[in-house]
Amino acid sequence: MHRHLLVPDAKEEVMAMHDEDIIITNRAGRILKVTELSGQHYGVAPQALLGRSIYELEQEGLFTPAVTPLVIERKKKLVLVQETATGKKMLITGIPVFDEQREVEFVISYSYEVSELMVMKEYLESLETEMGRVKGELAHLRGRQLSIGGVISQSIQTERALRSALKLAEYDAAIVIEGPRGAGKSLFAKIIHQHSERSGEAFIEVDCGAVPETIFVESFEGESGYFDLAERGTLVLNEIDRLSERTQSILEKMLSQKRDIRLIAISDTSLEKRMHSGEFREALFYQLHVSLIQLPGLRERPEDLEAFLIQTVEELGRKYGAIKKLSDEAYVHLLQLDWKGNFREVRNVLERSYLESEQAEIGLDDLPINYRPAEDEQVGIELAGRTLPHLLDVVEKKVLENAKKRYRTTTEMAERLGISQPSVVRKLKKHAIATGKDEA
């Protein structure tokens with residue numbers, strides 16, 4: 001209940017408000033104060049309301065119902081819809097003002113036309129819809145620039161993989177993470193663990209390819225073995241595709257025993273393809289392959305490569321205490337390399353180049369010898385004002401032109417560039433680069 005106290009002689013001090021429809025009545029229902037908007041909705045001048053009884057006005061049909069008697073009767077704030085003689089519908093709010101004996105001395109009422117409120121409601125709804133759209137766009141942008149636990153997700157491929165990892169972390173099913181070495185698979189396994197209900201328990205990562213067959217069982221099931229260490233936590237089986245047939249059989253039997261462990265298997269190659277070719281046991285495949293996350297190599301994620309180049313040079317600056325940057329030529333050249341070792345290889349090359357550079361700018365000559373371009377392969381592109389897609393398009397054309405000079409057929413070009421022969425032909429046509437007789 002809203003209780004406002006007003007001493008008997010203070011009614012003359014109530015200030016008139018000119019931008020609202022406000023009426024003040026006493027307990028007898030006599031109108032004491034009005035504002036300039038008060039009579040507008042009733043079709044009369046505000047002065048015509050002063051001194052009148054709201055009971056008489058209601059009987060005359062100026063409005064119905066009157067809010068004052070209801071507020072006096074119930075001694076609390078009330079809101080109701082009032083209909084006027086002009087056919088309008090008003091939303092009336094009546095507020096009691098109590099004297100020192102806690103009796104209703106005055107009633108302050110203010111009103112809005114319902115149609116005005118509907119306009120406001122529609123505006124607020126449209127505003128809410130717009131805010132929802134903006135929030136969605138911001139969420140999308142945050143996702144595109146997400147960097148959880150060190151993961152760079154500027155590319156669509158990585159963004160999709162990261163969202164899958166966060167979603168799968170909520171469930172306790174086994175997961176396989178596939179991708180080339182250095183693509184960030186172990187980092188994704190850690191993210192899944194950190195965002196799961198097992199985050200407070202152990203995270204054990206095992207390099208399966210490094211465990212000898214002769215001590216495999218002891219390593220997993222012996223005293224303080226991997227299974228015991230990972231109890232109630234997460235066990236990551238790294239390089240599981242390197243296990244021999246015999247070791248796969250042993251692991252299959254071990255995993256058949258129910259254990260309170262979250263399993264994540266990491267593979268450099270497709271386990272499904274290995275299963276179909278007879279290189280991986282079918283039963284073990286289905287034990288592990290409940291959910292799948294695929295991480296492509298950096299060559300297929302140019303946006304991630306670009307971000308990682310910039311981020312790594314900045315990190316090296318903090319590590320060694322000297323601010324350096326890549327020259328435009330070096331930056332463009334590094335973007336077009338294959339990077340079969342992915343993030344590990346990139347970081348190694350950048351750190352070596354950083355230490356070799358005697359200037360504030362890391363140039364092509366600062367790169368390790370086997371990473372420098374030949375004279376006829378140097379791209380030489382200024383970055384100012386160019387977007388990444390446009391830049392990559394220019395780089396692609398230059399790479400194709402260089403490859404065309406060095407190799408006789410599109411088959412050789414495809415083998416060297418690490419893409420299919422049809423892709424080479426399609427890209428040559430895209431950039432209007434002439435093809436030979438064997439490439440029709």
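Helices here are DSSP runs of type H or I with at least four residues, strands are E runs of at least two, and both are numbered from the N terminus. The model shown in every view is predicted.

**View 1. The second largest pocket and the helices around it.** The space in this second largest pocket comes to about 400 Å³. There are 23 residues in its lining, and the closest to its centre are Gly182, Ala183, Gly184, Phe343 and Arg344. At least two lining residues come from each of helix H5 (185–194), helix H11 (302–320) and H13. H5 gives the largest share of the lining of the second largest pocket, four residues. By class, the lining of the second largest pocket has eight nonpolar, six polar and nine charged residues.

**View 2. Helix H4 against helix H5.** The axes of H4 and H5 are 9 Å apart, and the two helices pack at an angle of about 35°. On the H4 side the residues are Thr158, Ala161, Leu162, Ala165 and Leu166, and they meet Phe188, Ile191 and Ile192 of H5. Seven residues of the contact of H4 with H5 are nonpolar, one is polar and none is charged.

**View 3. An open sheet of five strands.** The strands stand in the order S9-S10-S11-S8-S12, and the pairing is parallel. Strand S9 (203–207) and strand S12 (291–294) are the edge strands, and each of them pairs on one side only. On average, neighbouring strands of this sheet are turned by 20° against each other, with direction ignored. Strands of a sheet pair through backbone hydrogen bonds.

**View 4. Strands S10 and S11 in the sheet, with helix H4 packed on the sheet.** Strand S10 (residues 234–238) pairs with strand S11 (residues 262–267) over four bridges, in the parallel sense. Which residue of S11 is the bridge partner of valine 236? The partner is isoleucine 264. Helix H4 (residues 156–168) touches strand S8 (175–178), S11 and S12 where it packs on the sheet. The direction of H4 makes about 150° with that of S12.

**View 5. The largest pocket.** Its volume is about 1,100 Å³. The lining of the largest pocket holds 37 residues, and Arg299, Gln336, Leu337, Asp338 and Leu417 are the closest to the centre. Two or more lining residues come from each of helix H12 (328–335), helix H13 (342–356), helix H14 (388–406), H15 and H16. Which helix supplies the largest share of this lining? H14 does, with 10 residues. In the lining of the largest pocket, 17 residues are nonpolar, seven are polar and 13 are charged.

**View 6. The crossing of helices H15 and H16.** The axes of helix H15 (residues 410–417) and helix H16 (residues 421–430) cross at roughly 105° and come within 8 Å. Angles of 65 to 115 degrees count as roughly perpendicular, so H15 is roughly perpendicular to H16. H15 makes the contact with Thr410, Thr411, Met413 and Ala414, while H16 makes it with Gln421, Val424, Val425 and Leu428. Sorted by class, the contact of H15 with H16 consists of five nonpolar, three polar and no charged residues.

**View 7. The largest cavity and its lining.** The count comes to one cavity of 30 Å³ or more. The largest cavity has a volume of about 160 Å³. Which residues lie closest to its centre? Of the 16 lining residues, these are Ile23, Tyr42, Val67, Gln82 and Ser109. Strand S2 (21–26), helix H1 (54–59) and strand S7 (104–113) are the elements that give two or more residues to the lining of the largest cavity. The lining of the largest cavity contains 10 nonpolar residues, five polar ones and one charged one.

**View 8. Two backbone details, at proline 65 and at lysine 75.** Most residues other than glycine have a negative phi, and most peptide bonds are trans. The peptide bond that joins threonine 64 and proline 65 is cis, with omega about -5°. Proline 65 is placed in the loop between strand S4 (63–64) and helix H2 (68–74). Lysine 75 is not a glycine, yet its phi is positive, about 55°. The loop that holds lysine 75 runs between H2 and strand S5 (78–84).

Note on methods:
Residues are numbered from 1 along each chain as its sequence is written. This is a predicted model: local features need pLDDT of at least 70, side-chain atom pairs count only at pLDDT 80 or more; totals for chains, interfaces and linings use all residues. Side-chain values use heavy atoms; hydrogens and water are left out. Axes are lines fitted to C-alpha atoms, for helices over the stretch in contact, and angles run from 0 to 180 degrees between N-to-C directions. Angles under 35 degrees count as roughly parallel, over 145 as roughly antiparallel, 65 to 115 as roughly perpendicular and the rest as oblique. Contact means heavy atoms within 4.5 Å. Ala, Val, Leu, Ile, Met, Phe, Trp, Tyr, Cys and Pro count as nonpolar, Asp, Glu, Lys and Arg as charged, and the others, Gly among them, as polar. On a 1 Å grid over the protein atoms alone, a cavity is a set of points where a 1.4 Å probe fits but cannot get out, and a pocket is an open set with protein on both sides within 12 Å along at least five of seven lines; lining residues have an atom within 4 Å of a point. Grid points are joined across faces, edges and corners, and a volume is the space filled by probe spheres set on the points. Two strands pair if DSSP finds at least two bridges between them.
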